[in-house]
Amino acid sequence: ARVKELSARRRVPKFALGELVREPYGEIGAVDGIFADLEAAHDASCTDADEWYAVQNKKPKTPKNGIWYAVIIPNGAVLAGEDDLVSATS
């Protein structure tokens, strides 16, 4: 069922791997991974998507079924939704 669900909503990511972006707290980093939705991002890290979403200080603008990105920043890495990132090259 999950495969069918993901294949039914094919989309083109706004940001490319390696692209410089500004995450919601203002840090600039590089896109390191792209995920079809929040569940896929958490499947890759073996954590619970709903628990992660619930404890965020800033609620993401990106819906759970939107495209999510792993972003490497100077002090580590973050997970951010497409609607929560802006290009750092423009």
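In the predicted model, Lys-58 is placed over the face of Tyr-25, at 4.8 Å from the ring centre.

A search of the whole structure identified two aromatic pairs. In one of them, the ring centres of Phe-15 and Tyr-69 are 5.5 Å apart and the planes meet at 75°; because this angle is over 60 degrees, the pair is classed as edge-to-face. Phe-15 belongs to the loop between α1 and β1 (20-22), whereas Tyr-69 belongs to strand β3, so that the pair links distant parts of the chain, 54 residues apart. Both Phe-15 and Tyr-69 are buried.

The other pair is formed by Trp-52 and Trp-68, with 5.7 Å from centre to centre and 85° between the planes, and is likewise edge-to-face. Since Trp-52 is located in helix α3 and Trp-68 in strand β3, this pair ties together parts that are 16 residues apart in sequence. Trp-68 has a relative accessibility of 0% and therefore counts as buried, the limit being under 20%.

Buried positions are also found in helix α2, which spans residues 38-45. Leu-38, Ala-40, Ala-41 and His-42 are buried in this helix. The elements that cover these buried residues include two helices, α1 (2-8) and α3 (49-54). Strands β2 (28-35), β3 (68-73) and β4 (76-81) are also among the covering elements. In an α-helix, residues three or four places apart point the same way, because each turn takes 3.6 residues.

Conventions
Residues numbered from 1 in each chain as written. Predicted model: local features only at pLDDT ≥ 70, side-chain atom pairs only at ≥ 80, totals over all residues. Heavy atoms only, no water. Buried < 20%, exposed > 50% of the residue type's maximum accessible area, 1.4 Å probe, protein only. Helix = DSSP H or I, 4+ residues; strand = E, 2+ residues; numbered from the N terminus. Contact = heavy atoms within 4.5 Å. Phe/Tyr/Trp six-rings, centres within 6.5 Å; stacked < 30°, edge-to-face > 60°. Lys NZ or Arg CZ within 6 Å of the ring centre and 35° of its normal.
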